[in-house]
Amino acid sequence: MIKFLDLHKINERYRSEIDARIKEVLDSGWYLLGKNDEIFEKHFAEYCGTKYAIGVGNGLEALSLIIKAYGFGAGDEIIVPANTYIATILAITYNGCTPVLVEPDINTYNINPDLIEEKITERTKAIMVVHLYGQAVQMEKIWALAEKYNLKVFEDSAQGHGAIYQGKRTGNLGDASGFSFYPGKNLGCIGDGGAVTTNDKEIADKIRALRNYGSHVKYHNIYQGENSRLDEIHAAVLDVKLPHLDYDNARRREISKYYRENIKNDKILLPKVYDEKAHVWHVFAVRTEKRDEFQEYLKQHEIQTLIHYPIPPHKQECYKEWNNLSLPITEEIHNTILSLPISPVMEDFEVEKVVEVVNEYR
Ligand SMILES: *Cc1c(COP(=O)(O)O)cnc(C)c1O
């Protein structure tokens, strides 16, 4: 079986280093907000090119803390792509804000910048972009709109660690960015983890407090905060893995290039890329009319695939009020998309087998 993602194999490459760092944490007797969090925050900010990084509990909370730190709440609207993982939308509604769903571009699967302006009202506070599947959003028009209407730009970078747009990495393309270190992400820990990056000192300080009950000084609570911290063990593991992220992303690019050059089947639509550096291939998503049949065919041939995602946010039961919205491009993507295996630990023969099997699909 060719696995979609072999997490054990991914982490096994650094096993002795990870073991040593975990032992160190255990021996230290200090498990939260200690030197591992501090050093990882420093290294991650350097990597992203931002002044600050703040470790938090997970990607969802990274995003919701950003919205909270800017003080947005009931009555405020945040523009967001309609085709994204549910967490992006949950972060907005959690704060009481209204997500304004915008259709994606059918070529990039990212928010269509040309459809944003018509959605801006006097209640609009921010545009939340999502670097979906690992491809950095083309920010030019979004920056211009943010400037014109005085809006904040937030990034959901949970799938985009390391992608580069106009010389800058994701995490450094807006006012603040949320990252997830869920085990399956391009940079993943061995449990839940996340981070916020920003160049704004005031926001960085505020998030530092918000993640820790709203206090900078123990028992002095200046905000109604939360408990969303990055554990020392996860910070240590991430700090071991971060120096290898570019190598891993390069291997993902290599596999994606091989797929794009060698998959030749007119039933299968390949992903489009506007710049190789801008895509870190968190997911290699193809589209095909009879998606479920194609997935079953691959399974018969021992190839594991996933669907990112089978149901769009506006069709979810938890958001009944939007179930009747018509978002045809989003729905088309959700109905036809399928993710082929791609990961830094895939062997060449596995990549070749995937191409062979896909090419034989009729
Ligand atoms: C994974 C993911 C999140 C949520 O991250 P968690 O750490 O799982 O909470 C948010 N947005 C996108 C696009 C994601 O892929």
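**Salt bridges, ligand site and backbone**

Modeller: Lys-9 and Glu-347 make a salt bridge, with 2.9 Å between the closest N and O atoms. Keep in mind that this is a predicted model.

Colleague: Where do Lys-9 and Glu-347 sit in the chain?

Modeller: Lys-9 is in helix H1, residues 7-12. Glu-347 is in the loop between strand S13 (337-340) and helix H12 (348-359). The two are 338 residues apart, so the pair links distant parts of the chain.

Colleague: How many salt bridges does the structure hold?

Modeller: The structure holds 24 salt bridges.

Colleague: On to the ligand. Where does the ligand sit?

Modeller: The ligand sits in the largest pocket.

Colleague: Which elements give two or more residues to the shell around the ligand?

Modeller: Those elements are helix H4 (59-69) and helix H5 (86-94).

Colleague: How many residues surround the ligand, and which are the closest?

Modeller: The ligand is surrounded by 13 residues. Gly-59, Asp-156, Gln-159, Ser-180 and Lys-185 are the closest.

Colleague: What is the make-up of that shell by class?

Modeller: Six residues of the shell are nonpolar, five are polar and two are charged.

Colleague: Take Asp-156. Which kind of ligand atom lies 2.7 Å from its polar side-chain atom?

Modeller: A nitrogen atom of the ligand lies at that distance from the polar side-chain atom of Asp-156.

Colleague: How much of the ligand's accessible area does the protein cover?

Modeller: On its own the ligand has 380 Å² of accessible area, and the protein covers 91% of that.

Colleague: Now the backbone. Which peptide bond is cis?

Modeller: The bond from His-308 to Tyr-309 is cis, with omega near 10 degrees. Tyr-309 belongs to the loop between helix H10 (291-300) and helix H11 (328-336).

Colleague: What is phi of Asn-150?

Modeller: Phi of Asn-150 is near 55 degrees, which is a positive value in a residue other than glycine.

Colleague: Where is Asn-150 found?

Modeller: Asn-150 is in the loop between helix H6 (140-149) and strand S5 (152-156).

Technical notes:
Residues numbered from 1 in each chain as written. Predicted model: local features only at pLDDT ≥ 70, side-chain atom pairs only at ≥ 80, totals over all residues. Heavy atoms only, no water. Near = heavy atom within 4 Å. Polar contact = N/O pair within 3.5 Å; in protein donor to acceptor, adjacent residues only side chain to side chain. Areas by Shrake-Rupley, 256 points an atom, 1.4 Å probe, with all protein chains shown as cover. 1 Å grid on protein atoms, 1.4 Å probe; cavity = no way out; pocket = protein on both sides within 12 Å on 5 of 7 lines; lining within 4 Å. Sits in = over half its atoms within 2 Å of the grid points. Helix = DSSP H or I, 4+ residues; strand = E, 2+ residues; numbered from the N terminus. Nonpolar A, V, L, I, M, F, W, Y, C, P; charged D, E, K, R; others polar. Salt bridge = Lys/Arg side-chain N within 4 Å of Asp/Glu carboxyl O.
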